[in-house]
Amino acid sequence: MSHYPFQLEPLPYACDALVPCLGPETVAIHHDRHQAAYVKNLNKALENCPQLHRQPLEAFLLNPGMIPASIRTAVCRNAGGVYSHELYFDGMTGCRKSTGPVGRLAQAIDRCYGSFERFRDVFTQTALSQFGSGWAWLAACPDGGICVLSTSNQETPLSRGLRPVLCVDVWEHAYYLDHQNRREAYLDCWWGLVDWEFAEENFLPCCGGSASRPRSL
Ligand SMILES: [Fe+2]
């Protein structure tokens, strides 16, 4: 697992692989400038704090109390940005066709939401309802169930005891060049990009239980 100094992970596909939903300029700016800035600023915040240099990224988000107060906000914001963007970029498939939920995650979606269509509707409405900048998430709960939630700015579900499975960036920088202010149009085509095999990989380590209803948050 990586630690300080954190590196900008390469995209798992070419910048034009998400066309027509997201154009190459959107993807390049989002990754090469926005995500790069989070990595750079995280390293800068940690620079003079060698006791944190062996900590993995998630540790900052799971246990912010270990970070000195003077740099806690900067570390948490930028670590959240790095973590969320890696999940977001890796959660889209630029090469193979997006299928629909598979495996244990497909079962959990049916069990908790009744159908994929209902789950998709709940997720989309959650993403649309996020006021201003933030994220919508599918996360695994400690009881083996799943839930949908949104967070503001760079907060992640890790701070609420939930394991992220899939996320979509609803900051305007994620879609403005292609969809301007039409977040709904962006979400509509994002569903066609979701890498469900990646989501299943994230869910498998968390799916020991069998809760049959989405957790209310
Ligand atoms: Fe972003």
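Author: Buried means under 20% relative accessible area, exposed means over 50%, and partly exposed lies in between, with a 1.4 Å probe and protein chains only. This is a predicted model, in which local features need pLDDT of at least 70 and side-chain atom pairs count only at pLDDT 80 or more, while totals for chains, interfaces and linings use all residues. Residues are numbered from 1 along each chain as its sequence is written, and side-chain values use heavy atoms, with hydrogens and water left out.

Reader: Is F116 buried, partly exposed or exposed?

Author: The relative accessibility of F116 is 22%. Since buried requires under 20% and exposed over 50%, F116 counts as partly exposed.

Reader: Why is the pair of F116 and W191 edge-to-face?

Author: Rings of Phe, Tyr and Trp (its six-membered ring) pair if their centres lie within 6.5 Å, and planes under 30 degrees apart count as stacked, over 60 as edge-to-face and the rest as tilted. A search of the whole structure finds 15 aromatic pairs. In the pair of F116 and W191 the centres are 6.0 Å apart, and the pair is edge-to-face because the planes stand at 85°.

Reader: How are the rings of F123 and W190 arranged?

Author: Both F123 and W190 are buried. Their ring centres lie 5.6 Å apart and their planes are at 15°, so the pair is stacked.

Reader: Which residues do ring pairs link into a cluster?

Author: Two of the pairs have been described above, F116 with W191 and F123 with W190. The cluster linked by ring pairs consists of Y113, F116, F119, F123, W190, W191 and W196.

Reader: What area do domain 1 and domain 2 bury between them?

Author: The domain assignment, which is automatic or from a database, gives domain 1 (24-90) and domain 2 (103-206). Buried area is the accessible area (1.4 Å probe) that two parts lose on being put together, summed over both. Of the area buried between these domains, 62% is on carbon and sulfur atoms, and the total is about 1700 Å².

Reader: Which side chains meet in a salt bridge?

Author: A salt bridge is a side-chain nitrogen of Lys or Arg within 4 Å of a carboxyl oxygen of Asp or Glu. The count between domain 1 and domain 2 is one salt bridge. At 3.0 Å from N to O, a salt bridge joins the side chains of R163 and E58.
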